[in-house]
Structure formats: structure tokens, C-alpha cells
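Subject: Structure handover

Hello,

Here is the structure I promised you. Please open it alongside this message and follow along.

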Amino acid sequence: MKALRTFPLGLSGGPDAITAQHIRDLLAGATGDSLQQALVDFVNLMLAGAFETEVCSIIFDGRLVALSKKDGGIRPISIGYTLRRLATKCANAHVITRRSQALQPQQLGVGVLGGAEAAVHAMRRLLTNLPPGHAVIKLDFSNAFNCVRRDLILDSIAGKTPEIYRLVHSAYSCQPVLSFGGHEILSREGAHQGDPLGSLEFCEAVQPLLERLQSSAKIGFMDDVTLSEDLVTIEKDIITMLESSPDTGLHLNTNKCELIVEDFTPARG
């Protein structure tokens, strides 16, 4: 019931159009607890990974909404079933505090209240006291959430939060259908968009890469990564990221990366 109350008001429903508000209204008007118990049973079945692959390919389906981007491109938004999101909200609530603490201080995008603001203020303070010869680089990945390797997600969840592994495995062991009008495509790559567990899954998958970087200051807010160190160390970290692309599925979007340094002469060299 606590997880159900965390759904924002006005949130859209999935392929069946059932929203969290529908469920809350039904529970409020119920004369017994049979519906609530049925929801509990369904969530427990999902957490146990009890459904066959054919059933999972339906449960983890979604419908797509296409939004226009400022640059003229298309931003697809996937909306899954509310019951599926309810189950993953319960799983996320069970592990988020412990894993958020373990991912800090490199990663501030999971379970950190005001994490984005903290990252911004930390970098602003660093920029005002940047040591000579040091630089700050803001890194951008191309379509990161949709490109991160699913086997990397599964390995990281199995190692760090095995209690929710069966649920995550159910989601990524099938190929759910994403529908857009009369068109259908199979979901085969990346973290599931709109999944309450998606941010944790992504951050768990890339955390080993962040920890390997040598820069003394490294702050990640999900797929936004900022580094600060001398230019030689930053160059080594960028090479590490480029070389790790086949293992992570992530690719730097060099057109959107930004280098901030007082003297660009060494950088040009």
C-alpha cells in the first residue's frame, strides 16, 4: 500500500490503461481485503520469478509515446503496466537505501535526496578552487539507458542484490513488445524505460567503471558523469571509458562532452 501511494497523481496507465488511481479507488471502496491480498499475491509471484517466459513477455510489455525533441529528433517514452511497476516499486524500496549508500560518493543518482543539486554545488565549488593544471570534463553518453548491456545489469544485480534477481531476470530473459499505434517492436536492449528499478539497474551496471577511473573527483548522476583532475589523468579515464564500450554497451557522445580548463594550450597539444 505504501508503494501504491508513491505513484504520482495523473500518471498514465500501460497497455491496459489501468492506472494507480484506479487501483486506489477500488481499494478505498472495497468492503474486505480480498483485492489487497490479491495484489500482494501477484507481487510475491513476480518477486519469485514464478511466471513462464511467455507470460513475462506480456507482463513487461509497454506502450510507446513519441515526443518531439528541440533538435527535431524523437524521444520515445515507454509506459508499462501499473501492476508491473507496483511490483518493481516494492523491490526497489527493499534495497534502495542499502545500495544508495554503497554507490556513493561516485553515484548520486539513486536514492539520494537532492542528489542533482548536490552534484551541481560540488562541481561549482570545485570550479572556483580549481588547482593549476587541472580541468573539469562533463561526459555525455549516447542513449545510455537504452544501450547498457542487459547481461551486465543481471550480473550486477546477482552480485549486489540477489534478493530481487529473479524479478530482474524475468524482465530481461524475455523480449517484451512495445506498441506504438499499429506498430510493434521488441525490447531487446538496455534498461526498461519507466521501470522504477531502471535507475538502480543502470547505476549498478556502470558502477565498476566509475570506480576504475583515476580522477580524484568523479561524480555521476545516473548517466551524467563529471570528472576533475589533471589533463593526463582525464585523458587516461576517457581512454578507459572508450575501451570499456564493448563491455558496457555505452558510447561517449563527443559532440556533447564539455571540457572546462583555464588554459587550453596543453589540451590542444
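Let me start with a question: does Cys-90 count as buried, partly exposed or exposed? Cys-90 counts as partly exposed, at 29% relative accessibility. Please keep in mind throughout that this is a predicted model.

**Cysteines**

Cys-257 also counts as partly exposed, with a relative accessibility of 22%. How many disulfides does the structure hold? The number is 0. For Cys-90, the closest cysteine sulfur is in Cys-56. The two sulfurs are 17 Å apart, so they are too far from each other for a bond. For Cys-257, the closest cysteine sulfur belongs to Cys-147. Here the distance is 14 Å, and that is again too far for a bond.

**Overall picture**

The protein chain has 269 residues, and 41% of them count as buried. Its secondary structure comes to 13 helices and 8 strands. The C-alpha trace spans about 70 × 40 × 35 Å along its principal axes. Take the contacts with a separation of 6 or more: residues 24 or more positions apart account for 68% of them.

Look at S1 (residues 62–68) and S2 (residues 74–80) next. They pair in the antiparallel sense, over 7 bridges. Val-65 stands opposite Ile-77 in S2, and Leu-64 stands opposite Ser-78 in S2. In a regular strand, side chains alternate between the two faces of the sheet. S1 and S2 form a hairpin, with 5 residues between them. Gly-72 sits in the turn and has a positive phi of about 95°.

S1 also pairs with S4 (residues 177–180). That pairing is parallel and covers 2 bridges. Arg-63 has Ser-179 in S4 as its bridge partner.

**The antiparallel sheet**

Another open sheet of 4 strands runs in the order S6-S7-S3-S8, with antiparallel pairing. Which strands stand at its edges? They are S6 (217–221) and S8 (258–260). Each has a single partner strand, so one side of each is left without a neighbour in the sheet. Neighbouring strands here are turned by 15° against each other on average, direction ignored.

S3 (residues 134–139) and S8 run antiparallel and are joined by 3 bridges. Lys-138 stands opposite Glu-258 in S8. Helix H6 (residues 115–128) lies across S3, S6, S7 (224–230) and S8. H6 runs at about 155° to S6.

**Nonpolar cores**

In soluble globular proteins, nonpolar side chains tend to be buried together. The largest nonpolar core in this model has 51 residues. Which of its residues touch the most other members? They are Phe-60, Ile-153, Val-168 and Met-241. H10 supplies the largest share of this core, 7 residues. Apart from it lies another core, of 6 residues, including Leu-108, Ala-119, Leu-130 and Val-136.

Phe-60 deserves a look of its own. Leaving out residues up to four places away in sequence, Phe-60 touches Met-46, Arg-84, Leu-167, Ser-170, Ala-171, Cys-174, Pro-176 and His-192.

**His-192**

Where is His-192 placed? His-192 lies in the loop between strand S5 (183–186) and helix H10 (198–212). Is His-192 buried or exposed? His-192 is buried, because its relative accessible area is 8%, and the cut-off for buried is under 20%.

The side chains of His-192 and Arg-84 are joined by a polar contact of 2.8 Å. Beyond four places in sequence, the residues that His-192 touches include Phe-60, Arg-84, Arg-150 and Ala-171. Tyr-172, Pro-176, Ser-187 and Gly-198 are also among them.

Best wishes

Methods: Residues are numbered from 1 along each chain as its sequence is written. This is a predicted model: local features need pLDDT of at least 70, side-chain atom pairs count only at pLDDT 80 or more; totals for chains, interfaces and linings use all residues. Side-chain values use heavy atoms; hydrogens and water are left out. Buried means under 20% relative accessible area, exposed over 50%, partly exposed in between (1.4 Å probe, protein chains only). A polar contact is a pair of N or O atoms within 3.5 Å; within protein, one must be able to donate a hydrogen and the other to accept it, and residues adjacent in sequence count only if both atoms are side-chain atoms. Contact means heavy atoms within 4.5 Å. A disulfide is a pair of cysteine sulfur atoms within 2.5 Å. Two strands pair if DSSP finds at least two bridges between them. Axes are lines fitted to C-alpha atoms, for helices over the stretch in contact, and angles run from 0 to 180 degrees between N-to-C directions. A nonpolar core is a set of buried Ala, Val, Leu, Ile, Met, Phe, Trp, Tyr and Cys residues joined through side-chain atoms within 4.5 Å.
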